[in-house]
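Have the sequence and the 3D view ready as you read.

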Amino acid sequence: MAIERLIILALVASTLISMASAIPGTATFYTVYVPSACYGFQDQGTMIAAANPALYNNGAACGRSYRVRCTGPTNNVPNVCRNGEITVRIVDLCPGCGADQLDLSQEAFSMIADPNAGRIRIDYNP
């Protein structure tokens with residue numbers, strides 16, 4: 001019984017640490033996935049994202065995975081967020097993205113938010 005409580009405590013602590021280290025930012029979406037800055041014409045699926053120039057870091061972010069969660073709207077679209085978080089892999093550069101912005105595939109964006117919003121607030125972490 002003590003071991004079970006210890007395991008549960010460890011899981012709760014890791015969740016709290018993960019949430020505390022999340023990076024606040026914004027997300028938009030895009031629809032043309034190939035070619036990509038990281039993988040050229042190789043199809044990388046649809047749970048993907050393009051990184052802002054700082055995060056992209058001359059390609060160092062290619063292949064890294066990030067957990068992304070919608071935290072709210074950036075405009076007047078009500079009830080924009082959908083429950084849960086997604087995991088996306090960086091496959092491209094978003095040269096027009098601002099600091100702490102991710103450009104998600106339309107499929108990834110749609111899983112966490114209403115695409116009619118266009119731009120949402122997010123928390124993300126590796």
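This is a predicted model: local features need pLDDT of at least 70, side-chain atom pairs count only at pLDDT 80 or more; totals for chains, interfaces and linings use all residues.

How are the rings of Y30 and Y33 arranged? Their centres are 5.3 Å apart and their planes stand at 90 degrees, so this pair is edge-to-face.

Another aromatic pair is made by Y66 and Y124. Here the ring centres are 5.9 Å apart, with 65 degrees between the planes, and this pair too is edge-to-face. Where do the two partners sit along the chain? Y66 belongs to strand β3, which covers residues 65-73, while Y124 belongs to strand β6, residues 120-125. The pair therefore ties together parts that are 58 residues apart in sequence. In total, the structure holds three aromatic pairs.

Now turn to a charged residue, D92. You will find D92 in strand β4, which spans residues 85-93. D92 is buried, yet has no salt bridge. How far away is the nearest side chain of opposite charge? That side chain belongs to R89, and the distance is 12 Å. A salt bridge would need the charged atoms to be within 4 Å. What does the side chain of D92 have beside it, then? One of its polar atoms lies 2.8 Å from the backbone nitrogen of A37. Setting aside neighbours within four places in sequence, D92 is in contact with a set of residues that includes P35, S36, A37 and C38, along with A49, A50, A51 and Y56. Y30, one of the tyrosines we started with, is also in contact with D92.

With these details in place, step back to see the chain as a whole. The protein chain has three helices and six strands. Read from the N terminus, they follow the order α-β-β-α-β-β-β-α-β. Of the contacts with a separation of 6 or more, 78% link residues 24 or more positions apart; the pair of Y66 and Y124 joins parts 58 residues apart.

What share of the chain counts as buried? The figure is 36% of the 126 residues.

Definitions and conventions:
Residues are numbered from 1 along each chain as its sequence is written. Side-chain values use heavy atoms; hydrogens and water are left out. Helices (H or I, at least four residues) and strands (E, at least two) are DSSP runs, numbered from the N terminus. Buried means under 20% relative accessible area, exposed over 50%, partly exposed in between (1.4 Å probe, protein chains only). Contact means heavy atoms within 4.5 Å. Rings of Phe, Tyr and Trp (its six-membered ring) pair if their centres lie within 6.5 Å; planes under 30 degrees apart count as stacked, over 60 as edge-to-face and the rest as tilted. Lys and Arg count as positive and Asp and Glu as negative; His and the chain ends are not counted. A polar contact is a pair of N or O atoms within 3.5 Å; within protein, one must be able to donate a hydrogen and the other to accept it, and residues adjacent in sequence count only if both atoms are side-chain atoms.
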